[in-house]
Amino acid sequence: VPQQALFLMNSPMVIEAARRLIDQPAFSGMKSDEERVRSLYIAIYQRLPSAEEIGLGLGYVTANPIGTAINPNPPLPNFRQNARDLRIADRKAKNKKKQGRFSTQIGGDYAARPPLDAWTKLAHALFQSNEAMFYD
């Protein structure tokens, strides 16, 4: 159901599981990015990825080296829209109430975590796929 998909997308527990998978010393010690993609598929799906899946994973990581970009080729900036967005963000920041810290089940203080990098986002996306959610 849609609520389950939203839970997986937004759950700090799932994000922290992806983060822990990437933070393992064995993962960072691998010789190539192709090996890293393979290890994610083995850890999450218990199978080797196809050549196409390896290409998609590598394409995502190389297009998003710091994990902030969504599209490899972003559209040209709309300066009028950007100025409007900045004004709205500034207004929201001034009106924002102070929120409490969130403690996850397996990761401690979620608010103190750095932004997700491309590898963690790839692992998080693999956790959200139908293959990971449903048992055949």
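Guide: This is a predicted model. Helices α4 and α5 are a place to begin, and they are roughly perpendicular to each other.

Visitor: At roughly what angle do the axes of α4 and α5 cross?

Guide: Helix α4 covers residues 33-45 and helix α5 covers residues 51-63. Their axes come within 10 Å of each other. Angles from 65 to 115 degrees count as roughly perpendicular, and α4 and α5 are therefore placed in that class. The crossing angle is roughly 115°.

Visitor: Is the crossing of α4 and α5 left-handed or right-handed, and which residues of α5 make the contact?

Guide: The crossing of these two helices, α4 and α5, is right-handed. On the α4 side the contact is made by D33, E34, V37, R38 and Y41. The residues of this contact divide into four nonpolar, one polar and four charged. On the α5 side the residues are E53, I54, G57 and L58.

Visitor: How are α4 and α7 oriented to each other, roughly parallel or roughly perpendicular?

Guide: Helix α7 covers residues 118-128, and its axis comes within 10 Å of the axis of α4. The two axes cross at roughly 30°, and the crossing is right-handed. Angles under 35 degrees count as roughly parallel. The orientation of α4 and α7 is therefore roughly parallel.

Visitor: How many charged residues are in the contact of α4 with α7?

Guide: From α4 the contact uses D33, R36, V37, L40, Y41, I44 and Y45. From α7 it uses W119, L122, A123, L126 and F127. The contact has 10 nonpolar residues and no polar ones, and the number of charged residues is two.

Visitor: Is A18 buried or exposed?

Guide: A18 lies in helix α2, residues 12-22. Leaving aside residues up to four places away in sequence, A18 touches T120, A123, H124 and F127. Buried means under 20% relative accessible area. A18 has 0% relative accessibility, so A18 counts as buried.

Visitor: What distance separates the C-alpha atoms of A18 and F127?

Guide: F127 is among the residues that A18 touches. Along the chain A18 and F127 are 109 residues apart. Their C-alpha atoms are separated by 7.7 Å.

Visitor: Which residue is 57 residues from T62 along the chain, with a C-alpha separation of 9.9 Å?

Guide: T62 is found in helix α5. T62 has a relative accessible area of 57%, so T62 is exposed. The residue at a C-alpha separation of 9.9 Å from T62 is W119.

Visitor: What is the phi of Q46, about?

Guide: Q46 sits in the loop between α4 and α5. With a relative accessible area of 60%, Q46 is exposed. Q46 is not a glycine, yet its phi is positive, at about 60°.

Visitor: Which element of the chain has the lowest mean pLDDT?

Guide: The chain averages a pLDDT of 75, and 65% of the residues score at least 70. Helix α4 has the highest mean among the elements, 93. The lowest mean, 46, belongs to strand β1.

Visitor: How many contacts beyond near neighbours in sequence does the stretch of residues 100-110 have?

Guide: The pLDDT over residues 100-110 is below 50. Where pLDDT is low, the predicted coordinates should not be read in detail. With that caution, the number of contacts for residues 100-110 in the model is 20.

Definitions and conventions:
Residues are numbered from 1 along each chain as its sequence is written. This is a predicted model: local features need pLDDT of at least 70, side-chain atom pairs count only at pLDDT 80 or more; totals for chains, interfaces and linings use all residues. Side-chain values use heavy atoms; hydrogens and water are left out. Axes are lines fitted to C-alpha atoms, for helices over the stretch in contact, and angles run from 0 to 180 degrees between N-to-C directions. Helices (H or I, at least four residues) and strands (E, at least two) are DSSP runs, numbered from the N terminus. Angles under 35 degrees count as roughly parallel, over 145 as roughly antiparallel, 65 to 115 as roughly perpendicular and the rest as oblique. A crossing is left-handed if the near helix is turned anticlockwise from the far one by less than a right angle, and right-handed if clockwise. Contact means heavy atoms within 4.5 Å. Ala, Val, Leu, Ile, Met, Phe, Trp, Tyr, Cys and Pro count as nonpolar, Asp, Glu, Lys and Arg as charged, and the others, Gly among them, as polar. pLDDT is the predictor's confidence in each residue, from 0 to 100. Buried means under 20% relative accessible area, exposed over 50%, partly exposed in between (1.4 Å probe, protein chains only).
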